[in-house]
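Subject: Structure handover

Dear colleague,

Here is the structure we spoke about, with the sequence. My notes follow below it.

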Amino acid sequence: HADAFATGAWKRQRSAHLYDYGERPDERFEEEVKDAVHGKLVKRYVLAEDALKRLDGPKALALWQRLLGNFRGFTFVLVGKIEPAALESLVTTYLATLPSTGALPHFKDLHGRFPQGIVERTVEGGVEDKARVYLEFGGPLAYRPEHDVDAAILSEVVRLRLLDVLREELGGVYTLGAWARVARRPAPQHSLTIDFSCAPANVARLRQAVFEELSHIAQNGVEEAYLLKVREHMKRADESERRTGAWWLNHLSDAYRYGDDFAAKNDFSAELS
């Protein structure tokens with residue numbers, strides 16, 4: 001049943017969070033980024049005060065029951081130190097009895113594509129003498145399995161090069177991150193994100209240095225010394241990640257979701273060579 005007390009408590013909690021939202025510049029900044037990249041998709045922006053007032057507990061519960069009332073087409077991936085006999089008993093008792101009727105579930109494409117051209121936003125807030133710069137490049141890309149490794153390598157190459165240029169040579173950044181990604185849903189696309197913080201007076205100079213370094217990499221490639229450093233770092237990271245359940249869960253889930261060749265994806269050393 002819809003618990004009015006619980007719904008009210010959740011609304012009060014969210015309302016308290018929104019009360020000082022304007023005083024948290026990082027959150028405002030991140031929401032502005034989401035809006036610039038994805039537009040006003042309801043699943044991506046902060047739940048505003050007027051939306052909280054319209055929230056209907058019984059309707060929310062009905063939606064939840066509808067979404068989880070049919071497990072047809074579900075695949076359960078269990079990872080960990082598991083005794084097969086004990087697992088079989090639990091699966092037949094709990095998973096096998098879940099409702100599985102009706103149409104196969106499917107995701108809804110909200111058409112969150114990268115915008116055309118250049119989008120630039122400035123967010124002012126906070127009291128610290130600090131600026132944060134977020135650069136994201138993206139567009140459509142016909143997916144191939146090798147793109148996953150390409151993106152991982154590009155992430156490391158860009159991160160190391162920008163650390164050398166922006167921190168060691170120019171001495172300008174406080175923090176820096178770089179991530180390249182490929183996505184298959186809702187549509188195949190690629191992206192490169194660079195996120196760094198610095199003194200406000202250095203924003204224009206460091207941003208220009210980022211563009212110049214990316215242009216240099218695109219035109220001239222990367223020195224062999226960097227590729228060797230990246231290869232060794234990724235091998236060590238892969239060895240460490242394989243000891244976690246999250247690595248196996250993610251890769252097995254993708255194998256079932258997309259029909260990936262798990263044996264091939266599992267041979268990371270061959271992919272790096």
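Between which two helices is the loop that holds Leu68? Leu68 lies in the loop between α4 and α5 (84–95); helices (H or I, at least four residues) and strands (E, at least two) are DSSP runs, numbered from the N terminus.

Some ground rules before the rest. This is a predicted model, in which local features need pLDDT of at least 70 and side-chain atom pairs count only at pLDDT 80 or more, while totals for chains, interfaces and linings use all residues. Residues are numbered from 1 along each chain as its sequence is written, and side-chain values use heavy atoms, with hydrogens and water left out.

Overall layout

The protein has eleven helices and three strands. Read from the N terminus, the order is α-α-α-α-α-β-α-β-β-α-α-α-α-α. Of its 273 residues, 26% count as buried (buried is under 20% relative accessible area, exposed over 50%, partly exposed in between, with a 1.4 Å probe and protein chains only).

The strands

β2 (173–183) and β3 (189–198) pair in the antiparallel sense over ten bridges, where pairing requires that DSSP finds at least two bridges between two strands. The two form a hairpin with five residues between them. Within this pairing, Thr175 stands opposite Ser197, and Ala180 has Leu192 as its bridge partner. β1 is also antiparallel to β3, again over ten bridges, and Pro140 is bridged to Gln189 of β3. Nine of the ten residues of β3 are buried, so this strand is largely enclosed by the rest of the structure.

The loop between β2 and β3 holds Pro186, and the peptide bond joining Arg185 to Pro186 is cis, with omega about 0 degrees. Most peptide bonds are trans.

Helix α6 covers residues 146–169, and at 1.5 Å a residue its 24 residues should span 34 Å; the end C-alpha atoms are 33 Å apart, which agrees. The expected span is 1.5 Å times one less than the number of residues. After α6 comes Gly171, with a positive phi near 55 degrees.

The largest nonpolar core has 26 residues, and those touching the most other members are Val158, Leu162, Leu166, Ile194, Phe196 and Val210. Such a core is a set of buried Ala, Val, Leu, Ile, Met, Phe, Trp, Tyr and Cys residues joined through side-chain atoms within 4.5 Å. Two or more residues each come from β1 (131–140), α6, β2, β3, α7 (203–220) and α8 (224–241). The most come from α6, which gives eight.

The nonpolar patch

Leu63, Trp64, Leu67, Leu68, Phe74, Phe76, Leu78 and Ile82 make a nonpolar surface patch of about 760 Å². Patch residues have over 30% relative accessible area and no salt bridge; like charges are joined within 9 Å, and nonpolar side chains (Val, Leu, Ile, Met, Phe, Trp, Tyr) within 5 Å. The areas come from the Shrake-Rupley method with a 1.4 Å probe, and for residues only the protein chains shown count as cover. Leu67, in helix α4 (residues 57–67), is exposed at 54% relative accessible area, whereas Leu68 is partly exposed at 38%. Leu68 is 37 residues from Pro105 in sequence, with 9.9 Å between their C-alpha atoms.

Salt bridges

There are 13 salt bridges in the structure (a side-chain nitrogen of Lys or Arg within 4 Å of a carboxyl oxygen of Asp or Glu).

- Arg121 and Glu32 meet at 2.7 Å, N to O. This pair links the loop between α5 and β1 to helix α2 (residues 25–38), 89 residues apart.
- Arg184 and Asp260 have their closest N and O atoms 2.9 Å apart. Arg184 is buried at 19% relative accessible area, and Asp260 is buried at 18%.
- Arg257 and Asp254 meet at 3.2 Å, N to O. Both lie in helix α9, three residues apart, about one turn of the helix. Arg257 is partly exposed at 44%, as is Asp254 at 24%.

Regards
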